[in-house]
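Please find below a short note on the model under review.

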Amino acid sequence: PATSVETQQAAAEFMAMLVDDDEPGPLPIFTKADEKREKADLTPSELIDAECDLRGLPVDNDTNDCSGNGHSEGGSSTTSKASMDQQLSLLLHELVALPGKEKAAYLRAVIRCPDHANSRSHQIKMLQRERNDAKRAAKRIARYWEERKLAFGEARAFLPMTLHGALGDDVASMLECRIYHVLADRDGAGRTILSCDMTRVDSTPIEIDEEARHLWYALECVSQQTSSNTNGVVVVVNCPDALVSKISPSVALQRMMYVLDLFPFQVRSLHFARPNQCVLLKIIPAMKHAMGREMRQRLVIHQGTERKSKHRWLNMD
């Protein structure tokens, strides 16, 4: 399955570029030539892992091939309570060791909402997402709180992530815009499906900072699903008429980092349904460059009818 090491490195580079400037300038893109070179360099194991994630099939470790039974493996194997306590202790040590600026929002959360910031279950999920690497889990937790503070502001970032808490001022726009949906059904492998209808960003009067909070809430809902942490998540982006008047390439990169780099679930595949030329030429190449090698093999662009483009790779009944 896809790992997050390369994604984190790319994220650091891109988040450094996405400063407060209205237009950070042309962003690096992943070209057709880059894609050709990368595909020629992929190992059989990488190809099999990507195919299994795309189709929702587990890897048969004996044959190193996709089998047609069961669900994708999600996270690390079960660990004993003593072992997990040791991992949590290491995680706390790594959080303390982070530079002050990097962990500032996390420390604010420890004071303002200690039940959530110190939640054992949340910390365990973050550890499992990073395959029990305490250092990477600590950095993921710190990024989560930093980005949450940036999205919601000091006054709301540390409130409960509910429609009566941090989202209290956004309920009306969420009901009107309906951009992000966590589908009630799972795909054929039991994975959570997050649907993103980006055509509604330009067709509704939503401001871009509101849209960020809508996505954040959807991702919080995704992370609460048991299937997300055991089987992973499939993201479907519907964008046949999407413009870049609000979702510019730099904004798209920030949203991608929300999805891939902050929460404890693992995205198994990312599908763009019927993207128009604007998205194909401006947004997707920049996203491909930023998301790293593993995730690029799990990105699928669908053309054709709406039904076929959305469901071809979802393996749904």
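The numbered points below set out the comments.

1. Basis of the note. This is a predicted model, in which local features need pLDDT of at least 70 and side-chain atom pairs count only at pLDDT 80 or more, while totals for chains, interfaces and linings use all residues. Residues are numbered from 1 along each chain as its sequence is written, and side-chain values use heavy atoms, with hydrogens and water left out.

2. Cysteines. With a disulfide taken as a pair of cysteine sulfur atoms within 2.5 Å, the count is zero. Cys239 is in no disulfide, and its nearest cysteine sulfur, that of Cys196, lies 9.7 Å away. Cys239 is buried at 1% relative accessible area (buried: under 20%; exposed: over 50%; partly exposed: in between; 1.4 Å probe, protein chains only). Cys177 is likewise buried, at 2%.

3. Strand S4. Helices (H or I, at least four residues) and strands (E, at least two) are DSSP runs numbered from the N terminus; strands pair if DSSP finds at least two bridges between them. Strand S4 (residues 192-197) has five of its six residues buried, so it is largely enclosed by the rest of the structure. Strand S3 (residues 180-182) runs antiparallel to S4, joined by three bridges; His181 has Ser195 as its bridge partner in S4. Strand S5 (residues 233-238) runs parallel to S4 through six bridges, and Asp197 has Asn238 as its bridge partner in S5.

4. Arg131, although not a glycine, has a positive phi of about 55 degrees. Arg131 sits in the loop between helices H7 (120-129) and H8 (134-156) and is partly exposed at 44%. Arg274, also not a glycine, has a positive phi of about 50 degrees. The loop between strand S6 (267-273) and helix H14 (277-291) holds Arg274, which is partly exposed at 24%.
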